[in-house]
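Visitor: I'd like to learn how to read a model like this one. Could you walk me through it?

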Amino acid sequence: MVWVIDRDRRRLDEVHERYPGVEVGDDPTVALRDVDAVVVATPATTHFELASLALSAGKDVLIEKPMTTDIGEAEELCRLARSSGNVLMVSHLFLYASAVQWVRNYLWAGELGSVYHLTMVRNNLGPIRDDANAAWDLAAHDVSIANYWLRAEPLAVSAVGGRWINPAVEDAVFVTMRYPDNVLVNLHASWLSPRKVRDITVVGSRRMLILDDMNLTEPVRVYDKRVLDGAERKGVVDTFASFRASIREGDISIPRIILEEPLMTECAHFLECVERRKEPMTGGDQGTSVVRVLEAVERSLQDEGREAVVQGGRVGHSTG
Ligand SMILES: NC(=O)c1ccc[n+]([C@@H]2O[C@H](COP(=O)([O-])OP(=O)(O)OC[C@H]3O[C@@H](n4cnc5c(N)ncnc54)[C@H](O)[C@@H]3O)[C@@H](O)[C@H]2O)c1
């Protein structure tokens, strides 16, 4: 790293004190003359301006999530990267977490059967933002994970949210997304909640699982539970005993997952893409897909929870 740009002088002084070998300044155009690659880690509403400046100068770019706050801007960044041949990567950090990767492999191997629905909870007290609501700031993570696991974009979303701290910004959102193949995803994202929760439940036709990202040693539990299909069921389910016979409750298992620091893995992936001119696992198209979903969430929030159609298509990820 050779340059850190920030418009806040105090932040620059802190950086300079901790890393005296790094140049600091407030003018990105000066730094752009010196560097091969740029990380845009400023508030969401400034991503487009800074990333387009870097791409236009022929630099590879890693942008924090959400990629932009406008679909037209996200598409323009993809176009710029394509025409200049530069790497464009979006920091959908959780896709670089080993537990998320483990679940992906398990799902894609068909171990859960057909996916019925996902429940995702991402709560904490703070940090409270004023330029992006809880959907753009927090649910962006869950949308990126759901799109990745399900290899698709939702067809439609409905969302309601509450504004308490800042009258213009939702502090909590409750979103339901309808994916292809009758898959439902429900997510709850809030920075106004007493306990830090990072929980995902996946219910499939063969098994179910829970990913608890706060559990640093055993993040995933697989439940060998399911409803028996008609052929396996014995007779009509009209008593408690026959109900018990209509569900299967097998073992609960905890896979061994070696946890690594996702940010480290992500940064290494960016550097590898820069050096080898590879397509990132979370490139411009995946970032754009998340923005498209979040725009639909925003439309539904404005429309008192009425379902909003996502004008997209299936989205794939490079294996990285
Ligand atoms: N991927 C993740 O898990 C994750 C986690 C936290 C934050 N983020 C993202 O990182 C970004 C920054 O979040 P943060 O919590 O660090 O915010 P922050 O407000 O703490 O820091 C942002 C910095 O950007 C500077 N800045 C603002 N506008 C600028 C401009 N036009 N030019 C130069 N500097 C400018 C500010 O002075 C500040 O120092 C956001 O997009 C956020 O969504 C991602």
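Predicted model: local features only at pLDDT ≥ 70, side-chain atom pairs only at ≥ 80, totals over all residues.

Visitor: Which stretches make up domain 1 and domain 2 in the domain assignment?

Guide: The assignment gives domain 1 as 3-92 + 264-283, and domain 2 as 94-260 + 289-309.

Visitor: And how do I read the interface between them?

Guide: The size of an interface is often given as the accessible area lost when the parts come together. Here, about 1500 Å² is buried between domain 1 and domain 2, and carbon and sulfur atoms give 63% of that area. In terms of residues, 19 from domain 1 are in contact with 17 from domain 2.

Visitor: What about polar contacts, how many residue pairs are there between domain 1 and domain 2?

Guide: The count is 7 residue pairs, with both residues at pLDDT 80 or more. As for salt bridges, the rule finds 1 across the interface of domain 1 and domain 2.

Visitor: Which residue forms a salt bridge with Lys 65?

Guide: That's Asp 137, and the closest N and O atoms of this pair are 3.1 Å apart. Lys 65 also turns up at the ligand: with Asp 6, Arg 11, His 47 and Glu 64, it comes nearest of the 17 residues around the ligand.

Visitor: Where does the ligand lie relative to domain 1 and domain 2?

Guide: Check which domains supply the shell. Both domain 1 and domain 2 give residues to the shell around the ligand, so the ligand lies between them.

Visitor: What is the shell made of, by residue class?

Guide: It divides into 8 charged, 5 polar and 4 nonpolar residues.

Visitor: How much of the ligand does the protein bury?

Guide: Taken alone, the ligand exposes 860 Å², and the protein buries 73% of that.

How values were computed. Residues numbered from 1 in each chain as written. Heavy atoms only, no water. Near = heavy atom within 4 Å. Areas by Shrake-Rupley, 256 points an atom, 1.4 Å probe, with all protein chains shown as cover. Nonpolar A, V, L, I, M, F, W, Y, C, P; charged D, E, K, R; others polar. Domains from an automatic or database assignment. Contact = heavy atoms within 4.5 Å. Buried area = accessible area lost by both parts, 1.4 Å probe. Salt bridge = Lys/Arg side-chain N within 4 Å of Asp/Glu carboxyl O. Polar contact = N/O pair within 3.5 Å; in protein donor to acceptor, adjacent residues only side chain to side chain.
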